[in-house]
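Here are a few exercises to work through with the model open beside you. Try each task before you read its solution.

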Amino acid sequence: MSVERVIAAPPETIFALLADAGRHSAFDGSGTVHGVKGDSRPLRLGSRFGMSMKWGVPYTTVNEVVAFEPGSTIAWKTTALGGVIGGRVWKYELMPVEGGTHVRESWDIGQDRQRTLLRHSFMPERTRRAMQATLERLAQLVEKSG
């Protein structure tokens, strides 16, 4: 599943926010991301970072950057409970266009251990709405700073 929109900022500005795990809670539209666990370093291919999350109850995820092209593409795979849960991939693709950057956020559950359950639940619609809110918040952050 993907959502997309044009954001009035250059790709490098948007990418800088996406590549800083310490800033993820600032643009998360789901309300579940509460902060990075440990030091926040610029992400790169293969980086692993933990996130403090809360959806009813607090929990922690481990994320690994699985795609990284500066200014263009970043994606990470999310798991929890030692990999027992998860495997979904969050991906952002950025393309310069007139007036800013076309941003596509994708949620890929093809490798997720719970993919069958996820497909037949309320999660796809909830996630679509959260992703739309994420792109709105991302736009507000970068357009305000520009």
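**Exercise 1: Aromatic pairs**

The structure holds five aromatic pairs, where rings of Phe, Tyr and Trp (its six-membered ring) pair if their centres lie within 6.5 Å, and planes under 30 degrees apart count as stacked, over 60 as edge-to-face and the rest as tilted. This is a predicted model, in which local features need pLDDT of at least 70 and side-chain atom pairs count only at pLDDT 80 or more, while totals for chains, interfaces and linings use all residues. Residues are numbered from 1 along each chain as its sequence is written, and side-chain values use heavy atoms, with hydrogens and water left out.

*Task.* Describe the pair formed by tryptophan 76 and tyrosine 92.

*Solution.* 
- Start with the geometry: the centres are 5.7 Å apart and the planes make 35°, a tilted pair.
- Strands (E, at least two residues) and helices (H or I, at least four) are DSSP runs, numbered from the N terminus.
- Then check burial, meaning under 20% relative accessible area, with exposed over 50% and partly exposed in between (1.4 Å probe, protein chains only). Tryptophan 76 is buried at 6%, and tyrosine 92 is buried at 4%.
- Finally, widen the view: Phe49, Trp76 and Tyr92 form one aromatic cluster.

**Exercise 2: Two hairpins**

*Task.* Which glycines take a positive phi in the hairpins on either end of β4?

*Solution.* 
- β3 and β4 form a hairpin with one residue between them, and glycine 56 in that turn has a positive phi of about 85°.
- β4 and β5 form a hairpin with three residues between the strands, where glycine 71 has a positive phi near 75°.
- For the pairing itself, β3 (residues 48-55) and β4 share eight bridges, and seven bridges join β4 to β5.

Definitions and conventions: Pairing = 2+ DSSP bridges.
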